[in-house]
Amino acid sequence: MEHKRLKLYAYLDARDHQRTYLAIMRLFTSTLLADLSAGEVAGALAGQEREGRVEQGESRIENVINRLKQLVEWGNLVQGRREVVAASIAEFQHGSVRYQVSKLAVRVQRDVDELLRVPEGAREVSRELLPAIERGLNELGGSLSVALLNEGDKTKELLAERVTTLFLQHAELAATVRDFYAYLGQVVTRNHLAPEEIAGFRNLLVEYIQRVVEDVLKFTPPIAAALASLTKARAELLRLLGTDLGQNVERARGRTPEDWQELTDWFVDRPGRPSQVTALREATARAIGSLLASVKRATSGGGLLPGRRAELLKLAAWFDNSTREQAHEIYASAFGLYSARHLSPAPEHDSDNERTPWRDGPACDVTVSVRTRGDRGGRGRPSRILDDPMTEQSLLAEAREADEIRARHVAELTKAAGNLENTTLTHGALEVFCELLTLAMAQRDSPNDSGSASDPVRGLELEIAHGTTTRIKSAAGTLTLHDATVALKR
């Protein structure tokens, strides 16, 4: 099923006639319930052919039929028939066979057109939706109470309206956050930034991201509390929203328990699964750290200087403003690579072939030494390591925090040593217990042998031997050890 659906994208990367396929799919998705014949598609392509948007000859009826059949094979179009009045057999064949676009193909083309309209810069985060989501959840609670007391059509419609609005607002907020941080990750990890770029990214990180994170952290607690208040009544809410449309109907968001769990997971942490709010805070810290590293490379004496970035940009501008013949001459002069005569086709493992010009071929990564110094030779001497006291102190603080957390978990296990089976361990204490249990069981050659393991720093020792069933309770569940007796001592 996945392979069949992925074939819907084949026309976007077709080896030939890519622009024709794209024009045909835009024609079918431009109106609702499009039902076109090959002749009607050919007439529409004729105008685009005159404008130069498709290649010459693509509007001929025999070519159009081949393109439509190929799209049917990929699953983008489906065939149908209609009774027509024709003056010839050829006219009947061209007019009776009709084509419609499939549901999934409409989504693919819609996403493609949206992607082509997206600018290269950052996308603004819809922070104003956070208070709207909070208000929507509070109003939803009131509407649910009214609907439970009076299950009329109007109350159900109002409830469905609030649920749909809430999930649309959250979907827009989540999409803008993902797009913004995707752009951020793209730019802050670059090896070289111009001074004006560093200043722009500094304002972006220090000012804009600070406002985004502050707003998210401000509204997360009340949103989480509102979601928690709706948890008990979620089953009744879904019952009121339920409509028997069949299993193959795609329901609107907010009509299934999975939708509500996804919404909750965006704002609320779960054991072993941090929320998107936590991920946003961590991504912001990484972005600021990457920017500081870029500023340090640009301002300290340890950078790779002199840089060749300006020269490469100048060369790129020459290519952009040159004709096809001039571009070949500039390429040969700049890189010393002249035209070659292909005596045989390219090997199968090569993604290029003899008919692909170099400008249309795959991009080649330029190494740091070539990009900064124009030096292609290997460098045997490692670069100088810069002193980074801020990172050092941060790592030491993280190590101290991790050590304190482990000490608390070991202390919890030590306290529970005398009554282990009647004690409910926390998630962290269970991890330490499983770690010692794994080391102890590795010493056993058979189930009848015994084994032991200890924490080398705090001296907590775990012993396992053949015996009765042992059950260890924890916040995540119960760990059952069959034919094993476990003891903790210090």
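Let's start with contacts, meaning heavy atoms within 4.5 Å. Take those in the chain between residues at least 6 apart in sequence: 60% of them join residues at least 24 apart.

Now the ground rules. This is a predicted model, where local features need pLDDT of at least 70, side-chain atom pairs count only at pLDDT 80 or more, and totals for chains, interfaces and linings use all residues. Residues are numbered from 1 along each chain as its sequence is written, and side-chain values use heavy atoms, with hydrogens and water left out.

Confidence next. pLDDT is the predictor's confidence in each residue, from 0 to 100. The chain has a mean pLDDT of 80, and 80% of its residues reach 70 or more. Look at residues 301–306. There pLDDT stays under 50, and the model has nine contacts beyond four places in sequence for that stretch.

The overall picture. The chain holds 17 helices and nine strands. These are DSSP runs, numbered from the N terminus: helices are H or I with at least four residues, strands are E with at least two. Of the 490 residues, 31% are buried. Buried means under 20% relative accessible area, exposed over 50%, partly exposed in between, with a 1.4 Å probe and protein chains only. The chain exposes about 31,800 Å², and carbon and sulfur atoms supply 53% of that. Areas come from the Shrake-Rupley method with a 1.4 Å probe; for residues, only the protein chains shown count as cover.

On to helix H7, residues 129–149. How does H7 pack with helix H8, residues 153–188? At about 160 degrees, with axes 9 Å apart. Axes are lines fitted to C-alpha atoms, for helices over the stretch in contact, and angles run from 0 to 180 degrees between N-to-C directions. H7 and H8 are therefore roughly antiparallel. The cut-offs: under 35 degrees is roughly parallel, over 145 roughly antiparallel, 65 to 115 roughly perpendicular, the rest oblique. Residues meeting here include Leu137 and Leu144 in H7, and Leu159 and Leu166 in H8.

H7 also meets helix H10, residues 234–241. Their axes come within 11 Å and cross at roughly 70 degrees. So H7 and H10 are roughly perpendicular. Leu140, Leu144, Ala147 and Leu148 of H7 make the contact with Glu236, Leu237, Arg239 and Leu240 of H10.

Last stop: arginine 324. It sits in helix H14, residues 324–335. Buried or exposed? Arginine 324 is exposed, at 52% relative accessible area. Arginine 359 is 35 residues away from arginine 324 in sequence, and 10.0 Å away in space, C-alpha to C-alpha.
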